[in-house]
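Have the structure open as you read along.

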Amino acid sequence: MPSLELLLGGVMLVSLTFYVLLAGADYGGGVWDLFASGPRAKGQRELVAKAIAPIWEANHVWLILVVVVLFTAFPQAYALISTSLHVALLMLLLGIVLRGSAFIFRTNDTTPGEAKWQSGRVFAVASLGTPILLGVVVGAISSGSIHAPGEHEPLAYFLTWATPFPFAVGLFALVLFALLAAVYLTLETDDPALQDDFRRRAIACEIISALVALAVFLLSREAAPAIREHLANSWWAWPLQIATAFAALGTLAALLARRFTWARFFAAGQVTLILWGWALAQYPYLVRPDVTIHNSAAPPATMRALLWALAAGVLLLLPSYWYLFHVFKGSTQKAPVRHG
């Protein structure tokens, strides 16, 4: 039977996967709101708003779950991450708050004028920056450069993450989120013109993601050699990379054939495999090079109590989440949008 710390590490990974696939697509929707263009720009923005409005706030429950498990089950790792990446995390949280607040103001403001437009811009720009910061945090904890800043090391709050590799990981996250959003949005409307708009964007993101992934891999040679070694030479590396490439090609083929349901399946699989590949390469470390899920684990009594609490919570969370999607994201919820 897996150890308690391994079970809770798995809970964090599964929760992070849900966050990436659901909230990640919401961030990507904001990106396409920012870059809406052409004669159907207004229709594109309306489609984004209709797609994410009912469920965007609920998606953050998965990130909250990751944080709760981290500080309860792995307090040493939580302390190190929250201290050394304090500035990056503060900016990340600010982006989440600004994005949500601006979206609410834009959606519910019924008075025409400059204020509604400004709220829309804040929402879109925050949707662009927040995924980058999320990727920066992941890149920083994978690089092996994190340490607790000393009393006379104010620059340490920046030096651990303000380097090319974490930002390359952040750009990779942004492109993947935009890919998910574009693929998902093809299923949110029956309008062939809007479907083609997001179909083209999804194809472009798939190509760009391959180029950014290559850049991340090349930068990892100096910035994260241990991650690179695991991704290149572990026994699971080639099967994982082949499966990821198959999912990416499947996404492209489905988009070209206008099989949008299959495209969503392959795109979600591709992003999941990328995330789980990172997790395998990172294991057993929570923060390289010293903090693992074993040496940072809380006392067994604490972890057992947390697992029981999580089990009880799942009985409430999953049915509620399913019902939320059933009500707001069922097949009958598609609605036409204006192109003008």
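The buried residues of α3 pack against α1 (4–34), α4 (75–84), α5 (86–108) and α13 (300–328). Buried here means under 20% relative accessible area with a 1.4 Å probe, protein chains only, contact means heavy atoms within 4.5 Å, and helices are DSSP runs of H or I with at least four residues, numbered from the N terminus. This is a predicted model, where local features need pLDDT of at least 70 and side-chain atom pairs count only at pLDDT 80 or more, while totals for chains, interfaces and linings use all residues. Residues are numbered from 1 along each chain as its sequence is written, and side-chain values use heavy atoms, leaving out hydrogens and water.

**Helix α3**
- Trp-62, Leu-63, Leu-65, Val-66, Val-69, Leu-70 and Ala-73 are the buried residues of α3.
- They share one side of α3, because their arc around the axis, taken from the directions to the C-beta atoms, is only 155°.

**Helix α8**
- Of the 22 residues in α8, 19 are buried.

**Aromatic pairs**
- There are 10 aromatic pairs, counting Phe, Tyr and Trp (six-membered ring) with ring centres within 6.5 Å; planes under 30 degrees apart are stacked, over 60 edge-to-face and the rest tilted.
- Tyr-27 and Phe-177 are stacked, at 6.1 Å centre to centre and 15° between the planes.
- This pair joins helix α1 to helix α8, with its partners 150 residues apart.
- Tyr-27 is buried at 2% relative accessibility, and Phe-177 is buried at 4%.

Terms used. Buried means under 20% relative accessible area, exposed over 50%, partly exposed in between (1.4 Å probe, protein chains only). Helices (H or I, at least four residues) and strands (E, at least two) are DSSP runs, numbered from the N terminus.
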